[in-house]
Each structure stands twice: as structure tokens, then as C-alpha cells.
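Please examine the sequence and the structure shown below.

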Amino acid sequence: MTDASPSNPASGFHIRPYAADDLSAVIALWETCGLVVPWNDPRCDIQRKLDADGAGFLVGAIGTRLVASVMAGYEGHRGWLNYLAVDPGFRGRGLGRNMVRAAEALLLGRGCPKVNLQIRAGNIAVADFYRRLGYRADAAVGLGKRLIPDAPAMAAAVESDEQFRILPTPPPADEYLRLRVRAGMSPGTPEAAALGLPRSLFAVSAYHRGNLIGMGRVVGDGGCNFTIVDVAVDPDRRRQGLGRRIMAKIMFYLQRNAPPGAQVFLLAETPEFYERIGFRHIDPAGMAMYWPHGSKYDIQETKK
Ligand SMILES: CC(C)(COP(=O)(O)OP(=O)(O)OC[C@H]1O[C@@H](n2cnc3c(N)ncnc32)[C@H](O)[C@@H]1OP(=O)(O)O)[C@@H](O)C(=O)NCCC(=O)NCCS
């Protein structure tokens, strides 16, 4: 369909419509790129796209190897991009840009005046990629409502693969609040969860049969300060290595994203667990403090 631009160093890269034979390669690509989450069954997503608008589903290949994908759709008001992915071994060569440009050309050809996309919480770093391609944050809040749940099909697939699966996304707010209570943490509120979870720098969620059984997040300014929060494993799933696997994902994120000189903190209720990973106490007497939310704060009194 579309040749890569002449400046594209990935010679032989070409973009074409998805074909039935691409199914397993596309799902493998999405899994490698962290785009598969338990509430979306990728097979259902592909079938729905083919039923609704197969021509809007593009893949990129080098020779016979499938290395990229994007879904484009136009509902008469806005165009939408979904499932943009480039194989990690082929990034930084303009393939992502070529995929987005091909999707934009397809939408433009349909008379679409504006294109929108959503970035999952926990993947906000990819916003810089889109900014380079001319995308800007809209003054709008994205809302969603599921009409057809995929979870049972997905849960069965996950269950046949392994005992649990850890995904690089924050948990849904209701599941997050439930696990906090089960794990013996303070309950949290829907308001706080709705605001805070999408702002995570990084998050992981572990699922078993579609149920959240573990989680952990990194919050902070992304440069000077990183704080590890909400590391929790369901009581029925403890002592099976899940906490260590969650921390391994978090440490991998920090090693790649926390620049030299950054401070990495956590409040440890189980210090032995974090000591094994290499964390050290700030001060044996304890310097960490917290503000009891809602307690009286009077600027005049604090001056006395
Ligand atoms: C995002 C993604 C598609 C980019 O693919 P890519 O082939 O590496 O991107 P390109 O090489 O075309 O990059 C185009 C430009 O963006 C920059 N860029 C790419 N990834 C970037 C990132 N994560 N942060 C900042 N800039 C980035 C490139 O340096 C290049 O800059 P230039 O304008 O100076 O040339 C790829 O990283 C990916 O598959 N990520 C995982 C899936 C994902 O998050 N998809 C988006 C869902 S909303």
C-alpha cells in the first residue's frame, strides 16, 4: 500500500491492510508492546474492527516480518487512532511516524477533519512521541463506558497460560479500592482514585481470572522525585513471589527512567521485603511524616 518515506532507514518497510494470516503476529506484537490488558480481548478487538471497518486496520512489515500496527476509524465527527505499535527492535527509525501518517492519510481521504487518540494512564511518556507528530492535549476529559465486557474470554485465556499475569497499567479504580481494603491498607476514595491513578508515572496490575490480585505504582515528578506507592498483594496470593515480580517491574522502570541524582522513596510497612531488594532506611528513628487529611491547619497558629 504505502512505501516508507525515502528518509526511512528501514528499507523494505511497507504498510498494508491487515490480513487474516496476521492474527497471531499482531497479538504477539501488542503483547510485546504492553497494549494487551485484561479487559480487552485482542481477538475480539480485531474481529470487531474487521466487521466494522477492515480497511482502517493497517500493519507495517519488513519483508514478511510484521513489525507495526495501527487502527484508524472515523465516526463522522472525529477520527480515532488505536493500537499503534512498533516492535521494540525496530523503534527509533521512523516506523511509528510512518504508521501514524498512513492512518492520517486514510482518515483524511474519508473527509475526517480531526484525529483524536487516548493514551493509557501509565504510558504518558508516549505523549512526547505524539507531540513530535503535531498532536496536542485537548481541553477535554475522556470518559468511557463498556457495553460488552471482554473479561470472561480474556480471563480464560490468561488462566490457560499461567497462574497470573502482570500488566503495565494501573488497575481500574473500583478494583484498586477493593484490593486496598483486602490488603489491609487505608480504604481510599473513588474521588482520589479517579484523579490519582491516571497520573501514575508507572503502574502494574496483576490479575488472576480477571480479578486484580496485586498492584504497585510509581508517582512523582518524573525527574527529581519518584515515590513507590500502593504495592499490594491479595492476602490469598501472598508468598508466591508475586510481590517480588511486581517490584521487579517497578525497578526495571526506575532503572530506565529515573535520571542520575533522582530520589526514590517509599514508606515501608514491611521493611524486610524492601531490604531484600536493596532499599535502605532513611533514618532508624524515622523521618517520614504525613499530614492527617482534613486536620486543622491555621497559618496564624503555625507562626507562634
Ligand atoms: C510509540 C511508538 C509507536 C513509537 O514508534 P517508533 O517507531 O519508535 O517512533 P519513530 O521512530 O517514528 O519516532 C518519531 C519521532 O518521535 C520520537 N520518539 C519516539 N518514541 C518516543 C518516546 N517514547 N518519547 C519521546 N520521543 C519519542 C523519535 O525520536 C522521533 O523523533 P524525531 O521527530 O526527532 O525524528 C513505539 O514506541 C511503541 O510501539 N510503543 C509501545 C506502544 C504504545 O505505547 N503505543 C501508543 C499507544 S497510545
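**The ligand and its shell**

The shell around the ligand comprises ten nonpolar, five polar and five charged residues. Here Ala, Val, Leu, Ile, Met, Phe, Trp, Tyr, Cys and Pro count as nonpolar, Asp, Glu, Lys and Arg as charged, and the others, Gly among them, as polar. This is a predicted model, in which local features need pLDDT of at least 70 and side-chain atom pairs pLDDT 80 or more, while totals for chains, interfaces and linings use all residues. Residues are numbered from 1 along each chain as its sequence is written, and side-chain values use heavy atoms, without hydrogens and water.

**Make-up of the shell**

- The ligand is surrounded by 20 residues, and the closest are Leu-84, Val-86, Gly-92, Gly-94 and Arg-97 (a residue is near if one of its heavy atoms lies within 4 Å of the ligand).
- Strand 5 (79-86), helix 3 (95-109) and helix 4 (127-132) each supply at least two residues of this shell.
- Helix 4 gives the largest share, four residues (helices are DSSP runs of H or I with at least four residues, strands runs of E with at least two, numbered from the N terminus).

**Polar contacts** (pairs of N or O atoms within 3.5 Å)

- A backbone N or O atom of Val-86 lies 2.7 Å from a ligand oxygen atom.
- A polar backbone atom of Gly-96 is 2.8 Å from an oxygen atom of the ligand.
- For Arg-91, a polar side-chain atom lies 3.3 Å from a ligand oxygen atom.

**Cysteines**

- The whole structure contains zero disulfides (pairs of cysteine sulfur atoms within 2.5 Å).

How values were computed:
A polar contact is a pair of N or O atoms within 3.5 Å; within protein, one must be able to donate a hydrogen and the other to accept it, and residues adjacent in sequence count only if both atoms are side-chain atoms.
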